[in-house]
Amino acid sequence: MTEIFTDTAFRQLTQMFLAIIFFHTSEYILARAIHGPSRVTLSSLLITKHYVLAMLVSLLEYLTEITLFPNLKHHRWISNFGLVMILLGEILRKTAIITAGRSFTHLIKIRHEEHHRLVTEGVYRIVRHPSYSGFLVWSVGTQVMLCNPVSVVAFAVVVWKFFADRIPYEEHYLKQFFGRQYVEYAQRVHSGVPFVN
Ligand SMILES: C[S@@+](CC[C@H](N)C(=O)[O-])C[C@H]1O[C@@H](n2cnc3c(N)ncnc32)[C@H](O)[C@@H]1O
């Protein structure tokens, strides 16, 4: 057991733990700061059953591989590349949340509210869905950092599919709220999620 839990394993598991704790607590704290405590529930921690299951499966992959093929976990530069992905994904997502302010809600709005304005500046000038791009990079980055080959592919496919389905639904309402203004914005700026226009 002591053989398995080398410095590498300790570093990778600590980084994973810190990445997860930081991601979820900062989502919740930002939501409370932007919308006010009375409008925010614990759902803003963004911890769902499917998400917990995915993280547990990735941990199981990690523990299986570090036991059977410990060398797989010692690719330092791959692991560090994953760490950079985690940091960049986190920065992009949080920058998007701060830029959109009250227009950013964890649940997709299906009715137009007075304070909801179309955001096209800052990171929204580069891509239309920066917080989704950020999450995609962050989540795949966690698995690259752990050197988990199966979960890298699984996370990329599952998270990509989730956003590929969500974006048309979200944009259906954005077009209702902002009409031509949104259509022109969508023609000018890429979604920010690969293969989703
Ligand atoms: C979870 S946020 C995600 C926002 C955006 N898709 C992103 O990735 O940064 C979802 C809410 O943001 C709103 N939203 C998305 N894009 C927007 C924009 N450019 N301007 C204003 N509101 C936007 C949607 O109406 C929805 O209620």
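The entries below follow that order.

**Basis.** I am working from a predicted model, in which local features need pLDDT of at least 70 and side-chain atom pairs count only at pLDDT 80 or more, while totals for chains, interfaces and linings use all residues. Residues are numbered from 1 along each chain as its sequence is written, and side-chain values use heavy atoms, with hydrogens and water left out.

**Ligand.** I then went through polar contacts, that is, pairs of N or O atoms within 3.5 Å. The side chain of Tyr124 has an N or O atom 2.7 Å from an oxygen atom of the ligand, and a polar side-chain atom of His129 lies 2.7 Å from a ligand nitrogen atom. Val119 takes part through its backbone, with an N or O atom 2.9 Å from a nitrogen atom of the ligand. Of the 550 Å² of accessible area that the ligand has on its own, the protein covers 99% (Shrake-Rupley method, 1.4 Å probe).

**Cavity.** Searching the whole structure, I found 1 cavity of 30 Å³ or more, a cavity being a set of points on a 1 Å grid where a 1.4 Å probe fits but cannot get out. The largest cavity has a volume of about 30 Å³, and its lining (residues with an atom within 4 Å of a point) includes Arg102, Glu113 and His116. This lining holds no nonpolar residues, 4 polar and 3 charged.

**Pocket.** The second largest pocket (an open set with protein on both sides within 12 Å along at least five of seven lines) has a volume of about 300 Å³. Of its 14 lining residues, Met16, Phe17, Ile20, Met55 and Leu59 lie nearest the centre, and the lining comprises 12 nonpolar, 2 polar and no charged residues.

**Record.** An unreviewed UniProt entry lists residues 12-30, 51-69, 75-92 and 135-163 under "transmembrane region". For residues 12-30, I noted 100% helix, with end C-alpha atoms 27 Å apart, whereas residues 135-163 are 90% helix with end C-alpha atoms 10 Å apart.

How values were computed: Grid points are joined across faces, edges and corners, and a volume is the space filled by probe spheres set on the points. Ala, Val, Leu, Ile, Met, Phe, Trp, Tyr, Cys and Pro count as nonpolar, Asp, Glu, Lys and Arg as charged, and the others, Gly among them, as polar. A polar contact is a pair of N or O atoms within 3.5 Å; within protein, one must be able to donate a hydrogen and the other to accept it, and residues adjacent in sequence count only if both atoms are side-chain atoms. UniProt positions are given in the numbering used here, feature names are shortened, and annotations may be inferred rather than shown by experiment. Helices (H or I, at least four residues) and strands (E, at least two) are DSSP runs, numbered from the N terminus.
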